[in-house]
Amino acid sequence: MARYADAFPEAYKEDFDGEAAYLDLQRMGELHGSEASARPHVYRGEGDAATERRLKVYRSDPMSLTHVLPVFADLGLEVTVQRPYELDGSDDDGSSDYIYDFGLRAREESVWTGGEHRTEEEAARAFEDAFTAIWGGASESDTLNSLVLTAGLDWRRVVILRTLVRYLRQVGTFSLNYLEEALVANPGIARLLIDLFAARFDPDAEGGEQEREQRTADVSDDLYRALDEVASLDQDRILRSLADVVRATLRTNFYQRGEDGEPKAWVSLKLLPRELELLPEPRPAFEIWVYAPRVEGSHLRFGPVARGGLRWSDRREDFRTEVLGLVKAQMVKNAVIVPTGSKGAFFPKQLPDPAADREAWMEEGRAAYRTFISGMLDITDNRRGGEVQPPDRVVRHDGDDPYLVVAADKGTATFSDIANGVARDYGFWLDDAFASGGSAGYDHKGMGITARGAWESVKRHFRELGLDTQSEEFTVVGIGDMSGDVFGNGMLLSEHILLVAAFDHRHIFLDPDPDAATSFAERRRLFELPRSSWEDYDTSLISEGGGVYPRSQKSLPVSGQVRARLGLPDEVTSMTPHEMLRAILSAPVDLLWNGGIGTYVKASTETDAQIGDRANDPIRVDGQDLRVRVVGEGGNLGLSQRGRIEAAEHGVHVNTDAIDNSAGVDTSDHEVNIKIALTPLVQDGTMSMAERDELLASMTEEVADKVLRHNYDQNVLIGNGRHQREVMVTVHQRLIRYLSEHAGLDPELEFLPDDAEWERRESEGLGLTSPEFSVLVAYAKLGLKDALIETELPDDPALAESLLTYFPEPLREVAAEQITEHPLRRQIVVNEIANAMVNRGGVSFAFRAVEETGATVAQITRAFHVVRSVFGLADFTAAVERLDNTVPTDVQTELYLEFRRLLDRATRWFLNNRSLSTGMDAEIERFTEPVRRLVPALPELLQGSERERWQERAEWARANDIPDDLAAVFASLLDSYSLLDVVELAQDMGRDVDEVAQVYFGVSEAFRIDDLLTHVSHLPREDRWSSLARGALRDDLYGVMRGLTRTVVERTDSGESAEALERVREWMAENREALVRTSQVLRTVSAMDQPDLAPLSVALRTLRGLVRQGSAD
């Protein structure tokens, strides 16, 4: 006490007596003994009105009125007086302490007395705690804090309301102040919202689930009665929306405590967005919303098993809108991998000025990221020994949900180890598989995997244009620089690149006539140079007229060489940087390679404001103005979807970013699933972490091969789709409607044609563009995966190989048991079979099978697997792929489409004729050997005109440089379909399969079945009924052949010298009278150019009658 004797200033001594000083010193001591930055004390001064109180604030540092007055205003109080007192030299180190005495006035006395909810002492304590929390940073200062005094809440419960309001601000149109005002004006409803939250989520509430539901119902009744009394329409909408958010919340960490026993500094909510009508489309399956004074974040997940990046957003007011736009593309990109799409964004709210302290700015960003990650893990289930373990003190209103993974994104490229560190602290089962790409993961830049994946698209586009990028020179303009992952790796993927122009955010690079070898070597040097830029390029190697220029330069010279290369008017001799960038984007070169950040191409029908990338507004061009032949989208969002479609309609070869650059996310998914398989071996000591990491590294290239296979296959798929787009217009229209109903496709959101646009394209003989096909590819796969995951199909032993071959061979050798017990084994199987069905069968394969047979997706998938195994799909496609750059892609496409026709027909055959419920393996064993043995014999089995048709098909293939063995297989594909009938008939009759085959094809020739089938294939399929009639007619014709074959085999001599055709003719001679009318009808119909359904039906009916008569005889 002695040291304080002279510390009090005279002003204090005049205002307070010794007892007050003693108590003040006591409170000052409490402040020094705590970590608090202020110690408040509420009291009523002598002569204060009933609505007035005083607040003493004890501080070790001065307090600025500028900072403190808004705090009182947010608490709903008016400051009537302020008296500061400095206790000079009172602290242990000789520094001063401070006491601030504030006079405060409330609107009503009940604010201080506690009203109906608490005593005056409790109200004072709640106010003091709130001030301490606000001043210490545990709570933000906003007008919601007034509810501490008006609604009888403590500051922690106000945090619940703040969490809800901040979420509503992200998803609605009302301003933050307006949202807060609705609660402040209705304190009773604010309290009921808290009661509803507690009724649903307080883990300490008495009773079980039934009692919890009753409490929730009772509070809801009170709440909605109160809402009915709200006079303001806007406030009613806001308050009901807040109630809806509470009811759509599935979990919260609000009642958890930290290791220090105190409430956590952040609040996380797991939401069910599909229950919230206030949300814009698309609505994800789940959302985690994290609120804290230092950060806010949203994580959108479109399924229980989902993955995607977390970005450091710079959009405080609408980062959820930003991430919603990104997650749509992520879903499409993830169609090729096991998880569906997810995406997250967080906004750090307390960043220091990076210009003053860049490291402090970065560290605050990292801290915000850790908080965001922690908030998500707080309410995510864990796994322990194969069992799902719910989080502590979390009431769950949903089922088990243990799968949560994240990835790097804008601003978080180096944060994977941070995320994995948090996951380890939580003991999360995924360990360092939680965030792929960390120090013990696959280095995407080192692998160059994203660029290599996009390059598969580039190679395919140019193959269609007759150019081999790996052996022929071609011109390129690009977005990015050689230090970047996607741009740098991409520009090293061919030694024949002629990079004539490029730009990033710093420089413009111009090299109008480069030497391929010299420029390749220089680009490699820059790529290997740390933190290089175009300014580091050796200008002595640049061709005449070129150079490197800063984008800040006022004007750029335009040489004759640059003018010619960029296709500029003769009079252009200089340009501003923005003009030059537009010229580069619209240059008449072979390839535009995007490896940068930003959107550079839109549609002419779009405004720059619609694009949402203000930084690039001055340089953006329209899709119709692109003069490149090919666009490779290594980066995200380089073109708007409408811009892509417009470019494609003007002849540019372009897919989408989701198709082109999916290899990065595909690699990450493989990494996660490999680590999950290896975790048990590490945990039981079979493998050390160092050995695991060594094994991971050893499998890098095999993982890359598996990933790039997806890129290759999807480009073949889209190329095949382009080849058929005009004839499949009506099918694609029906497919879009089907995917809208069954796979969550929103045609308007995905910019697919509306009715008017379809009408225009049909009138002009046009179909879907590649960017539109790319969307359908994704949703076809997503729809299949959603349909199959709920069935027993993934557990079928026949598909075990799909699970094993997903993983690299070295992993299968050391962790076969762990693979078969993989937590995501069902999802992996479904992903592999769905990819195969769409890639090989086409985007409409499953839809058409459903439409024509009424079978379930699972049944169709079983049939597909049997067919691909019986007919050796993998061997055939491998043989066609070996023809890349040897034959035109149109020729390869014809081969692919011929096998697809076989897939279509054979799949329907199994659906209509065989029950696959007894097991796919049995069916594969039943048919594979006889079918594969008979296929090479088809040239001899076919008779007459059918043999001639086979020879013509084989000759066409050989004339197009198809090897003889593949040409023979190609010519036999559709005829090999008939072998299913042959094998089944032979086994059913107990006859030799060779004998039945000979008779079968003899029947086909004798009755001109081939002509009828050809006519059927030309029938229109404008609607579902046309397709059904077409398919039924084809099936019935084959049924007639089966019947006639059975009759001939049974009723003719099978002696050694008996030729098949002679046996058929012998039977026909015996049944000459019955055949007179049949022959006449068949000759008439066969001679028609394009018979429609009516004459073909008459021919079929005539043949059926013949079968019935033959059976009767």
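In the predicted model described here, E262 sits in the loop that runs between strand 5 (249–252) and strand 6 (267–271); helices (H or I, at least four residues) and strands (E, at least two) are DSSP runs, numbered from the N terminus. E262 counts as partly exposed because its relative accessibility is 45%, where buried means under 20% relative accessible area, exposed over 50%, and partly exposed in between (1.4 Å probe, protein chains only). Together with E35, E259, D260 and D425, E262 forms a negative surface patch. Patches are made of residues with over 30% relative accessible area and no salt bridge, like charges being joined within 9 Å and nonpolar side chains (Val, Leu, Ile, Met, Phe, Trp, Tyr) within 5 Å.

As this is a predicted model, local features need pLDDT of at least 70 and side-chain atom pairs count only at pLDDT 80 or more, while totals for chains, interfaces and linings use all residues. Residues are numbered from 1 along each chain as its sequence is written, and side-chain values use heavy atoms, with hydrogens and water left out.

Turning to the chain as a whole, the secondary structure comes to 47 helices and 23 strands. The C-alpha atoms fill a box of roughly 135 × 80 × 60 Å along the principal axes. Of the 1113 residues in the protein chain, 58% are buried.

The structure holds 97 salt bridges, a salt bridge being a side-chain nitrogen of Lys or Arg within 4 Å of a carboxyl oxygen of Asp or Glu. One of them joins the side chains of D204 and R393, at 2.7 Å from N to O. This pair links distant parts of the chain, 189 residues apart: D204 is in the loop between helix 9 (187–201) and helix 10 (209–227), and R393 in the loop between strand 13 (387–389) and helix 14 (416–425). D204 is exposed because its relative accessibility is 54%, whereas R393, with 29%, is partly exposed.

R463 and D884 also meet in a salt bridge, at 3.9 Å from N to O. Because R463 lies in helix 16 (residues 449–464) and D884 in the loop between helix 36 (873–881) and helix 37 (889–913), the pair ties together parts that are 421 residues apart in sequence. Both R463 and D884 are buried. Salt bridges with shared partners also join R251, K270, R301, D381, R396, D398, D400 and D401 into one network.

Helix 26 (residues 700–724) holds R722, which is buried because its relative accessibility is 12%. The side chains of R722 and E464 are joined by a polar contact of 2.3 Å; such a contact is a pair of N or O atoms within 3.5 Å, where, within protein, one must be able to donate a hydrogen and the other to accept it, and residues adjacent in sequence count only if both atoms are side-chain atoms.

Some backbone angles also deserve a look. Most residues other than glycine have a negative phi, and most peptide bonds are trans. The bond joining E281 and P282 is a cis peptide bond, with omega about -5°, and P282 is found in the loop between strand 6 and strand 7 (286–292). F751 has a positive phi, near 60°, and is located in the loop between helix 27 (729–742) and helix 28 (755–763). A positive phi of about 70° is found at D961, in the loop between helix 40 (944–959) and helix 41 (964–989).

Terms used:
Accessible areas come from the Shrake-Rupley method with a 1.4 Å probe; for residues, only the protein chains shown count as cover. Lys and Arg count as positive and Asp and Glu as negative; His and the chain ends are not counted. The place of a charge is taken as NZ of Lys, CZ of Arg, CG of Asp or CD of Glu.
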